[in-house]
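Good morning, everyone, and thank you for making the time.

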Amino acid sequence: MERLQKVLAAAGIASRRKCEEIIRAGRVEVNGQVITKLGTKVAADAEIKVDGRPVHRNTHVYYLLNKPKGYVTTVRDTHGRPTVVSLVPTRPRVYPVGRLDLDTEGLLLLTNDGELTNTLLHPRFGVKKTYRAVLDREPEAGVLARLTAGVRLEDGMTAPAKVKIAGPKTVELIIHEGKKRQVRRMFAALGYKVIKLERIRFGFLDLQGVPKGGYRQLTKEEVTKLCLLKKKNL
């Protein structure tokens, strides 16, 4: 027996939190009965429907995508812009793990495993994300030290970052937070404009062998290692 919201999230219906909202709204039926109580447990053979449509307990899939510039990190876009889910198989339905903004490229995970998604995004686990930023000019002396110490943004101080020069006008930094447009705003606060931004690592995962716009499935070993985050941070 598993909690209904966990089953729905695992089936790729939505995030765990969104599934809880769907249940409370009376949109879920289990064996013909509308369920609104959170924490309700369901059997493995229970017939579940959302908005009258059957829920299939999909096998989990995990994609590592090399996101190109110009794609939004959503399932659908009201402005008709291309979305990252159009770059991976449409069945079973998957969701992005976090976000990269429209102009940011690089490593993005997509999955229908709601439980793992929640783990990877939870601040408690502090998954390290590595970015490479090309700036509008060479960083002056002291900039790396300020990034390392933390930068004050309108929504508070950032946590200390690990930073190094990676080429002309290019800085690599490792952060574990997920503030909106954080890297761009950190440099803007120091007087720099980011010309190009790419996420090159997520935890232990990198983009080796994955071309821009391409994807690959995670190996069983990689999925197991991600799941171990609950016991040990990357």
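This is a predicted model: local features need pLDDT of at least 70, side-chain atom pairs count only at pLDDT 80 or more; totals for chains, interfaces and linings use all residues.

Which residue forms a salt bridge with D206? The partner is R201, and the closest N and O atoms of the two are 3.7 Å apart, where a salt bridge is counted whenever a side-chain nitrogen of Lys or Arg lies within 4 Å of a carboxyl oxygen of Asp or Glu. R201 is partly exposed, with a relative accessible area of 31%, and D206 counts as partly exposed at 26%; buried here means under 20% relative accessible area, exposed means over 50%, and partly exposed is what falls in between, with a 1.4 Å probe and protein chains only.

Residues are numbered from 1 along each chain as its sequence is written, and side-chain values use heavy atoms, with hydrogens and water left out.

Let me stay with the salt bridges. Across the whole structure, the search finds 16 of them. One joins the side chains of R27 and D51 at 2.7 Å, N to O. R27 sits in the loop between α2 (16–24) and β2 (28–30), and D51 in the loop between β5 (48–50) and β6 (53–54), so this pair ties together parts that are 24 residues apart in sequence; helices (H or I, at least four residues) and strands (E, at least two) are DSSP runs, numbered from the N terminus.

Another salt bridge brings together the side chains of E105 and K212, at 3.1 Å, N to O. Because E105 belongs to strand β9 and K212 to the loop between β16 (205–206) and β17 (215–217), the parts tied together here are 107 residues apart in sequence. E105 is buried, with a relative accessible area of 13%, whereas K212 is partly exposed at 39%.

Turning to the chain as a whole, it has 6 helices and 17 strands, and 46% of its 234 residues count as buried. Its C-alpha atoms fill a box of roughly 65 × 40 × 35 Å, taken along the principal axes. If we consider contacts, meaning heavy atoms within 4.5 Å, between residues at least 6 apart in sequence, then 61% of them join residues at least 24 apart.

Now to helix α5, which covers residues 182–189. How many of the 8 residues of this helix are buried? The count is 6, so α5 is largely enclosed by the rest of the structure. The buried residues are Q182, V183, R184, R185, M186 and F187, and the elements against which the buried residues of α5 pack include β9 (104–111), β10 (129–135), α4 (143–149) and β15 (194–202). Just after α5, G191 takes a positive phi of about 90°.

Finally, the surface. R53, R76, R91 and R93 form a positive patch; patches are made of residues with over 30% relative accessible area and no salt bridge, with like charges joined within 9 Å and nonpolar side chains (Val, Leu, Ile, Met, Phe, Trp, Tyr) within 5 Å. Of these, R93 lies in the loop between β7 (62–67) and β8 (95–96), and at 34% relative accessibility R93 counts as partly exposed.

Definitions and conventions:
Accessible areas come from the Shrake-Rupley method with a 1.4 Å probe; for residues, only the protein chains shown count as cover. Lys and Arg count as positive and Asp and Glu as negative; His and the chain ends are not counted. The place of a charge is taken as NZ of Lys, CZ of Arg, CG of Asp or CD of Glu.
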